[in-house]
Amino acid sequence: MNNLLEVQNLTKSFGGVVANSDISFTIEEGLIVGLIGPNGAGKSTLFNMVSAVFPPTAGVIKYKGQRIDHLPSFKICELGISRTFQNLQIFKNMTVLENVMVGHHSRTKSGMISAALRLPRSRKEEQIIYNAAMEQIKFVGLEDVCDVNAGSLPLGKLRLLELARALATEPQLLLLDEIAAGLNHQETKEMSDLIKQIRDKGISVFVVEHDMDLVMGICDKIIVLDQGVKIAEGTPKEIQNNEKVITAYLGE
Ligand code: ADP
Ligand code: MG
């Protein structure tokens with residue numbers, strides 16, 4: 001199996017707080033990899049560095065063998081890495097379709113801005129983006145509400161919308177930050193099924209998730225952080241029986 005993402009000795013400090021300390025791991029092609037740990041463990045910080053929200057304090061991030069730390073976020077997106085956010089980043093006064101089409105534009109530097117401003121584009125370009133957006137809207141099951149304003153949708157559908165938008169950039173590595181937070185049992189089950197289908201399309205998925213049933217049910221491999229440090233890595237079974245992991249969660 002080829003390594004898609006390689007994280008080497010990654011460290012991030014915010015003033016005196018070391019949010020990530022000397023973290024190393026790899027994500028192989030075609031896997032669902034879980035990132036778990038108590039609140040404040042540094043999970044979102046790690047995602048923020050991989051998706052270039054901010055650069056690392058130290059360490060190296062490689063994607064397909066190429067260093068990507070210090071690249072701007074639109075470049076990361078162009079290379080094939082896409083993400084969703086723990087706090088939803090939806091434009092509430094735009095329709096479902098428009099929200100997903102904006103996502104597609106984030107592949108180019110000016111795209112997100114021109115899309116948000118609704119600047120004219122060539123009809124051909126518009127059609128390609130429309131088709132890609134509709135494909136993802138259908139995939140997540142939102143076609144019935146594609147012309148509805150996102151602001152009027154319940155949380156479960158907003159999380160599906162975030163997923164569709166992240167997929168519209170046609171990533172090879174998808175980062176999902178608490179995509180199932182606030183979902184009910186049935187919605188969580190549907191989300192797990194979608195994540196497995198995404199993996200089966202050949203996209204690697206890196207998931208931060210609190211719902212242990214979901215994590216243990218879908219992940220091929222799990223990385224555990226506690227207070228900024230990687231304390232364990234292994235299969236769901238190995239992680240469930242790991243003393244360090246059990247202690248970290250008991251202390252929460
Ligand atoms: P998790 O996602 O695992 O709950 P985070 O990565 O959000 O944890 O946070 C890890 C630590 O880093 C926390 O102590 C948090 O307060 C701090 N932190 C995260 N982001 C920032 C930031 N942008 N500025 C300052 N401190 C931050
Ligand atoms: Mg977080």
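This is a predicted model: local features need pLDDT of at least 70, side-chain atom pairs count only at pLDDT 80 or more; totals for chains, interfaces and linings use all residues.
Hi everyone, thanks for coming.

Let's start with ligand 1. Around ligand 1 sit Phe14, Val17, Ala19, Gly37, Asn39, Gly40, Ala41, Gly42, Lys43, Ser44 and Thr45. Two elements, β2 (17–28) and α1 (43–50), each give two or more residues to that shell. Which of the elements gives the most? That is α1, with 3 residues. If you like to think in classes, the shell has 6 polar, 4 nonpolar and 1 charged residues.

Let me stay with Asn39 for a moment. You'll find Asn39 in the loop between β3 (32–36) and α1. Is Asn39 buried or exposed? It counts as exposed, because it has 7 C-beta neighbours inside 10 Å, and the cut-off for exposed is 12 or fewer. Asn39 also lies 9.9 Å from Leu225, C-alpha to C-alpha, although 186 residues separate the two in sequence.

Now to the sheet. It is an open one of 4 strands, in the order β2-β1-β4-β5, and the pairing is antiparallel. At the edges are β2 and β5 (66–67), each pairing on one side only. Further in, β1 (residues 3–14) and β4 (residues 58–63) pair over 5 bridges.

Last stop, helix α6, residues 155–167. Its 13 residues reach 18 Å from first C-alpha to last, close to the 18 Å expected. The buried residues of α6 include Arg159, Glu162 and Arg165, along with Leu160 and Leu161.

That's my tour, and I'm happy to take questions.

How values were computed. Residues are numbered from 1 along each chain as its sequence is written. Chains are lettered from A and ligands numbered from 1 in the order in which they are written. A residue is near a molecule or strand if its C-beta atom, placed from the backbone, lies within 6 Å of it. Ala, Val, Leu, Ile, Met, Phe, Trp, Tyr, Cys and Pro count as nonpolar, Asp, Glu, Lys and Arg as charged, and the others, Gly among them, as polar. A residue is buried if 20 or more other C-beta atoms lie within 10 Å of its own, exposed if 12 or fewer, and partly exposed in between; C-beta atoms are placed from the backbone. The expected span of a helix is 1.5 Å times one less than its number of residues. Two strands pair if DSSP finds at least two bridges between them.
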